[in-house]
Amino acid sequence: MFVDQVKVQAHAGDGGRGCIAFRREAFVPKGGPSGGDGGRGGDVILEASHDLNNLIAQFYQPRLIAKKGEHGQGKDKHGRAGKDLVVKVPCGTVIWQLPNEDTIPEAVEPKGEWESAANAGMALAIDLEAAPETDTPAASVAVGQEAKLIADLTEHGEQFTLCQGGRGGKGNKHYANSVRQAPRIAQPGEPGEEGRYLFELRIMADVGLVGYPNAGKSTLLTAISSARPKIAPYPFTTLHPQIGVLEFADWSRLTVCDIPGLIEGAHANVGLGHAFLRHIRRCAMLVIILDMAGTDNRDPADDYEKILGELKQYDPTLLDKPCVVAANKMDEDAAISNLAIFKKKHPSIEILEMMAALEEGVETFKDRLRAAVADKK
């Protein structure tokens, strides 16, 4: 199972309470206070790891609770600090802070299918700081789920303290003075931080494959890498992003992300477009796969314009990335005439002709990807 979004409840450890105690030793009359301090609570720490590729661990364990600090003891013994809880997440994980349960407003009545999907927890959170600059209402992104972006873990080994443990309380020895020589007071431990968070994975790949269903994205990924996604002659065979590793003779590598097919309205989360489009935001290069044969009575030129429109409405910065068009299924009779029409409409677009199913044009395609990603870096 592939999980790229999950809500968690995190709670750092509470600090241990200070101790009220007095020295009771032979030949030491009125020994004075000897209560030790409580130990601090453990932190909840997130650590990015390139060994993981999804958030399935947090899906099965959505409550992250660190250890409490031990209480102080007599004879000036301090309590042991609570052990930190280090949670590993895949590189590319974005952390959103959600409001607490008691501050969540009443849910907005869904007004469409994509809002219903958002209400079911399938959509992204919205950044409170970025919200005023967008024309998209909060409900169109996540009904009742306003959130604040607090971390973006991209490098292997990068850590972020999600919740900080509480400080331990002071023992009664800290309250002794010339007037109060036998204090019977001590501090309780401070509670650890807690909160509700949304973990969202945005896959970090060098190249993103974008296109309509049945355009041949999975077939192309199979031809250029060792990935073996499911391939079948019906739409939405790919239900979650697939990652392939493209290897070259000099042992250099590129990662390629194949996202499920887009449909019109994907920028508004139609067909769960947000769940797919967010995975190409970090790609250094985009490849638009077009079914040049016009299967299912589609017009390749029209598909290209609609894909660009969806990308622009979802995130205009996606259009600033290097982009090439892969004209697939060139072995079909209608592909030659459709390609001529497409070139006439878009004379300045770089087009790579190929037949992914027959692995023709694949080597040229791989060399082009390598050059583009190298220039971008």
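## Nonpolar cores

A nonpolar core is a set of buried Ala, Val, Leu, Ile, Met, Phe, Trp, Tyr and Cys residues joined through side-chain atoms within 4.5 Å; buried means under 20% relative accessible area, with a 1.4 Å probe and protein chains only. The model is predicted, so local features need pLDDT of at least 70 and side-chain atom pairs count only at pLDDT 80 or more, while totals for chains, interfaces and linings use all residues. Residues are numbered from 1 along each chain as its sequence is written, and side-chain values use heavy atoms, without hydrogens and water.

The largest nonpolar core has 51 residues, of which Leu162, Phe199 and Ile280 touch the most other members. Helix 6 (residues 300-314) gives this core its largest share, five residues. A second, separate core holds 24 residues, among them Ala223, Phe248, Val287 and Ala372.

## Strand pairing

Helices (H or I, at least four residues) and strands (E, at least two) are DSSP runs numbered from the N terminus; two strands pair if DSSP finds at least two bridges between them.

Strand 1 (residues 5-11) runs antiparallel to strand 9 (residues 194-201), joined by seven bridges. Ala10 stands opposite Gly195 in strand 9. Strand 1 also pairs with strand 3 (residues 63-65), in the parallel sense, over three bridges, and Gln9 stands opposite Arg63 in strand 3.

Notes: Buried < 20%, exposed > 50% of the residue type's maximum accessible area, 1.4 Å probe, protein only.
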